[in-house]
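User: I'd like to learn how to read features in a protein model. Can we take them one at a time?

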Amino acid sequence: MTSAPKIGVLALQGDVREHVRALEESGVTAVPVRRPGELAAVDALVVPGGESTTMWKLAVTFEMLEPIRLRIKEGMPAYGSCAGMIMLADRIEGGVEGQETLGGIDMVVRRNAFGRQVDSFEADLDFAGRGEIRAVFIRAPWVESVGPDVEVLGRTEAGSRIVAVRQGPLLATSFHPELTGDARVHSYFVEMVREF
């Protein structure tokens, strides 16, 4: 991609403004996306945190689920944080009956794996070999298992849990980099978008 990419942030729920700000700090135009026409006008999409069952239901209500799935199948880069990670997973554990995802990453993600809201925490971890970042976990999922084409980019302390992955043009983290003021995860995603 030669021109500056335009990246959408799915604006149905979650930290939309914070993701827009982090993307703009990374040198791209970022816009909220709520409708299929807005999705068609962006080069990539960020799926923010929030509550994955609510996000799925809102995506159906706003007629966004199928258009996003189609764009992902066509190779659109996407990044999901926290609930967004769940939305990009091919399979989930601990979901509600009938819960659907956007899919795209060959992984099993466990919903609310780190516990309830009161169990939220921060930790330092190495991300994609780019040094240590501060990771904010809020009712966060973790990755139970990954397929052979999924690259693990980050783990919790002592490597016990997978919390950041990439498969081709898709990126997902258990944590919320948009809340720290450190735009390195978003910059990594922008580099990915420029590759595709």
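User: How do the residues of the lining of the largest cavity divide into nonpolar, polar and charged?

Analyst: Start with the classes. Ala, Val, Leu, Ile, Met, Phe, Trp, Tyr, Cys and Pro count as nonpolar; Asp, Glu, Lys and Arg count as charged; the others, Gly among them, are polar. Here the lining has three nonpolar, one polar and three charged residues. Note that this is a predicted model: local features need pLDDT of at least 70, side-chain atom pairs count only at pLDDT 80 or more, and totals for chains, interfaces and linings use all residues. Residues are numbered from 1 along each chain as its sequence is written, and side-chain values use heavy atoms, with hydrogens and water left out.

User: Which residues line the largest cavity?

Analyst: A cavity is a set of points, on a 1 Å grid over the protein atoms alone, where a 1.4 Å probe fits but cannot get out; lining residues have an atom within 4 Å of a point. In this model the lining is I133, R134, P177, T180, D182, R184 and V185. Strand β8 and helix α6 (184-195) each supply at least two of the lining residues. Helices (H or I, at least four residues) and strands (E, at least two) are DSSP runs, numbered from the N terminus.

User: How much space lies in the largest cavity?

Analyst: A volume is the space filled by probe spheres set on the points, which are joined across faces, edges and corners. The largest cavity holds about 30 Å³. The whole structure has one cavity of 30 Å³ or more.

User: How many salt bridges does a search of the whole structure find?

Analyst: A salt bridge is a side-chain nitrogen of Lys or Arg within 4 Å of a carboxyl oxygen of Asp or Glu. The search finds 10. One of them joins E51 and R111, with the closest N and O atoms 2.6 Å apart. E51 sits in the loop between β3 (44-47) and α3 (52-61), and R111 in the loop between β6 (105-110) and β7 (121-126), so the pair ties together parts 60 residues apart in sequence.

User: Are E51 and R111 buried or exposed?

Analyst: Buried means under 20% relative accessible area, exposed over 50%, partly exposed in between (1.4 Å probe, protein chains only). Both residues are buried.

User: What salt bridge does D124 form?

Analyst: D124 pairs with R134, the closest N and O atoms being 3.2 Å apart. D124 lies in strand β7 and R134 in strand β8, so the pair ties together parts 10 residues apart in sequence. D124 is partly exposed at 42%, and R134 is partly exposed at 38%.

Key
1 Å grid on protein atoms, 1.4 Å probe; cavity = no way out; pocket = protein on both sides within 12 Å on 5 of 7 lines; lining within 4 Å.
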